[in-house]
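Me: I am new to reading protein models. Can we go through one together, feature by feature?

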Amino acid sequence: SVEAAKATGGKAAGQWVATGVSIDTRTLNKGDLFIAIQGDAMDGHKFAKDALAKGAAAVVISQEVEGVPVEKALIVPDTFKAMQDLGIAARNRSGAKVIGVTGSVGKTGTKEMLGRAFSALGYTHYSEKSLNNHWGVPLSLARMDAGCDFGVFEMGMNHANEIAPLTEMVKPHIAIITTIAPVHTEHFPDGLDGIAKAKSEIFSGMDSHGVALLNRDNPEYDLIVSEAKRQGISKIFSFGKHEHADSRLLECLVATNGTRIRALILGEEINFVLKDAGPHNATNALSVLLAIKLLGGDLNKAILALRDIEPPAGRGKREYLDIGDAQNPVTLIDESYNASPVAMQAAFKVMALIDPGRGGRRIAILGDMYELGNNSAQMHRDLAMPLQAAGIDLVYTCGPLMKNLYDALPEQNRGAHRDEAPEMAQIVPEVLVPGDVVLVKGSRGGGEKPRMQLVVEALRQ
């Protein structure tokens, strides 16, 4: 209570010790410090009493709350700022090596790989889910144990000047930029250059000893290098297929059971297998192993940890559904969490490598891609060619933007179009036959739950 009051400039009347930090009573653990955040739709103060009943050590509030004893409260002027202050205090007391990750596509997967790989080498803190925005980052920082050896943080953005305040808090020793792609383009009139500069804000929170790890295959590579140098970063390493990459992908063979990778990491040749299919994941894994090698870690231990990672729900997880013939199941690839043109094409390439079972077909069920700006309709239409190249037999489209793709497809590849996910969820299960391979992919939209998740749930049922 004394440390928390000092960090936030708040008042704590009682003595208590918190073992975690929570902003949601649904996932609160016993011993957590509950912060009553005021959001657009919800005020956490309404749940402060409930948090204590569920075993919270104390609550952070900005006004007195009925039923909350004063000795169980830390009273601050602004609870959101208090969460940031707690995150900054946790970072400042930490002796951990800190790795920050950003990029248009692949941040969460890379953060997950970093977390697992570094956990094989020492006590590692990394955020569950994608806590990568203005409230997720300070929350994840505040949860970092003082005794950690390594900390891994993901930073996301939809606009310019959103990563700068996050990296000021995180202060990474190593920054990884996975890739630059046309995501959130509506907020960037200067296109990919603007996005690359916004991602490069990650360097602003680093000191002169900071290390940048950049994707050498990215068209924006030179621009990001110059941005890094402009911000005082001189230690720059690269990863990718490029012949001059410091962590170089020599071979990547995608098969149904995973991806075999041969790579050269600062001159050391390694071979390993990843369960998560797709060349983009192989490239991101190289950034992880490069970070391990630069920090003097054991590559073999890290590789063993990576080998066991299953793709998370909604991000390429595969499952097998028995729809009447157990020997010939339907393969479901759940990519319902998010979508951009680059991620769509990567998913189609994975589909092309999976052979359907006896009598089965390749089927894609695709939802709208958001935040693509003026060129959005064309970007949806442009998916027709890569879909055909991947040998996808039937395409079902969901949402008004995807209607553009539906109209661009040849007659024989059209499954059906529906404007809403619930309608799509009703029709899709009936068209499946044993042996089909089904990809479900779409953008999250504004809601808590990705819209295309409804389709995935209908298929599971």
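Reply: Start with one term. Buried means under 20% relative accessible area. Keep in mind that this is a predicted model.

Me: Which residues of β17 point one way, and which the other way?
Reply: Arg362, Ala364 and Leu366 point one way from β17. Ile363, Ile365 and Gly367 point the other way. All of them are buried.

Me: How do strands of a sheet pair?
Reply: Strands of a sheet pair through backbone hydrogen bonds, and the pairing is either parallel or antiparallel. Now take the case here. β17 pairs with β20 in the parallel sense, over 5 bridges. In that pair, Arg362 stands opposite Val437. β17 also pairs with β18 in the parallel sense, over 5 bridges. There, Ala364 stands opposite Val395.

Me: What joins β18 to β19?
Reply: 3 bridges do, and the two strands run parallel. β18 covers residues 394-398. Look for Thr397: it stands opposite His417 in β19.

Me: What is the order of the strands in the sheet?
Reply: Read it as β15-β16-β20-β17-β18-β19. The sheet is open, has 6 strands and shows mixed pairing.

Me: Why is one side of β15 and of β19 left without a neighbour in the sheet?
Reply: β15 (317-321) and β19 (414-418) stand at the edges, and each has a single partner strand, so one side of each has no neighbour in the sheet. On average, neighbouring strands are turned by 15° against each other, direction ignored.

Me: Which strands does helix α11 lie across?
Reply: Helix α11, residues 341-352, lies across β15, β16, β17 and β20. It runs at about 170° to β20. Helix α16, residues 453-460, packs on the sheet too, and it touches β15, β16, β17 and β20. The direction of α16 makes about 160° with that of β16.

Me: Now pockets. How many residues line the second largest pocket?
Reply: The lining has 19 residues. Thr179, Asn215, His280, Thr283 and Val342 lie nearest the centre of this pocket. About 530 Å³ of space lies inside. Helices α9 (279-294) and α11 each supply at least two residues of the lining.

Me: How does that lining divide by class?
Reply: Sort the residues into three groups. The lining of the second largest pocket has 7 nonpolar, 9 polar and 3 charged residues.

Methods
Residues are numbered from 1 along each chain as its sequence is written. This is a predicted model: local features need pLDDT of at least 70, side-chain atom pairs count only at pLDDT 80 or more; totals for chains, interfaces and linings use all residues. Side-chain values use heavy atoms; hydrogens and water are left out. Two strands pair if DSSP finds at least two bridges between them. Helices (H or I, at least four residues) and strands (E, at least two) are DSSP runs, numbered from the N terminus. Axes are lines fitted to C-alpha atoms, for helices over the stretch in contact, and angles run from 0 to 180 degrees between N-to-C directions. Contact means heavy atoms within 4.5 Å. On a 1 Å grid over the protein atoms alone, a cavity is a set of points where a 1.4 Å probe fits but cannot get out, and a pocket is an open set with protein on both sides within 12 Å along at least five of seven lines; lining residues have an atom within 4 Å of a point. Grid points are joined across faces, edges and corners, and a volume is the space filled by probe spheres set on the points. Ala, Val, Leu, Ile, Met, Phe, Trp, Tyr, Cys and Pro count as nonpolar, Asp, Glu, Lys and Arg as charged, and the others, Gly among them, as polar. Buried means under 20% relative accessible area, exposed over 50%, partly exposed in between (1.4 Å probe, protein chains only).
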